[in-house]
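My entries follow in the order I made them.

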Amino acid sequence: MSTLDAFITHSKPPPTPIATSLEIRDRASIFVGTIFRVSSLADVHRCVAHLRHITHGSRPATHEMHAWRIMQTKAGRTGLGGPDDFELNTGSKDDGEQWAGNRILRVMEAQGVLDAVVVVSRWYGGTMLGPTRFDHIETCATEVCQAFKKKVEAEEFLITLTTLDDLLAELRAQLAEKKRVAKAREEEAKGSPRTIGSETQALSDSTSQTKVTTPPSPKSAATPSLPHAHASVPPPKPPDYASWIENDIPRARKLVRARELSIKAVKSALAKLDAEKEQKTKAEHPSRSAPTTSDSASR
């Protein structure tokens, strides 16, 4: 069966284990734990079958003990109604090793692992191990559960950091644009003839009637115009969090905190600019904020 399955083309890719434990050898018996990500009971059966017939096909294990914990939507529910739309689907199989499946399930519960199936494979070596076998089973299950939790946490941090980076870039762009507009308005106000006086306005009118053409110098005429210095600068590459985040969760946690503080600072700067703009608008147009004489009289 395993030989045929190896050549069958499936519509779905084969299950990929999230983690595999180190082997435990005791009096010729071997124990190995494997954990898969699953979202349904059908996924559980598929992962166990793949491990039994494909991964261990050339050397079948004596027992493929396993347990699962899956958070699923209830029948007829969409998941949009909150926690009441979900239910926890749990279960275990001993596969000939009595009480082993429940031991694995208890480890999963203690580790808080969800949406996963843990399989502990045993190759019997001919010697009865007694209660010690359960210690080996739980050790293998604990190892892969901890690796699974670390993987899930890294994925969550990766999503969080990417989202915060996008938000921070958007806020910084807004801040830069508002600063540019504010500076342009300030320069326009300083250079406006109406704000300088009638003499400047008259001088501007008289000089505008005389058109003076200055011929270009030979040097400037022969020199071609150069492109803008920043025109060809490529955008910065996004940070490569995926290459290290799983092995350095504390660093990821610090980066999330740093991004949150940066976002808070940029939002504060945006609020300050908005407040300054509002104050300038009230100063330039006091009639908009203060009631008129007719309004006061009518009241």
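I checked burial for Tyr-241 and Trp-244 and found both buried. The model is predicted, and every entry here refers to that prediction.

I then searched for aromatic pairs, and the count came to one. The ring centres of Tyr-241 and Trp-244 are 6.1 Å apart and their planes stand at 80°, so I logged the pair as edge-to-face. The cut-off for that label is over 60 degrees.

Next I looked for charges over rings. Trp-244 came up again: the charged end of Arg-251 sits over its ring, 3.8 Å from the centre. I also noted Arg-103, whose charged end sits over the ring of Phe-134 at 4.4 Å from the centre.

I placed Glu-138 in helix 4, which covers residues 132-191. I recorded Glu-138 as partly exposed because its relative accessible area is 22%, and buried would require under 20%.

Last, I turned to helix 8, residues 249-284. Its 36 residues should span 52 Å at 1.5 Å a residue, and the end C-alpha atoms are 53 Å apart, so the two values agree. I listed buried residues in helix 8, among them Ile-249, Leu-255, Arg-259 and Leu-273. What covers the buried residues of helix 8 includes helix 4.

Terms used. Residues are numbered from 1 along each chain as its sequence is written. This is a predicted model: local features need pLDDT of at least 70, side-chain atom pairs count only at pLDDT 80 or more; totals for chains, interfaces and linings use all residues. Side-chain values use heavy atoms; hydrogens and water are left out. Rings of Phe, Tyr and Trp (its six-membered ring) pair if their centres lie within 6.5 Å; planes under 30 degrees apart count as stacked, over 60 as edge-to-face and the rest as tilted. Buried means under 20% relative accessible area, exposed over 50%, partly exposed in between (1.4 Å probe, protein chains only). A charge sits over a ring if NZ of Lys or CZ of Arg is within 6 Å of the ring centre and within 35 degrees of the ring normal. Helices (H or I, at least four residues) and strands (E, at least two) are DSSP runs, numbered from the N terminus. The expected span of a helix is 1.5 Å times one less than its number of residues. Contact means heavy atoms within 4.5 Å.
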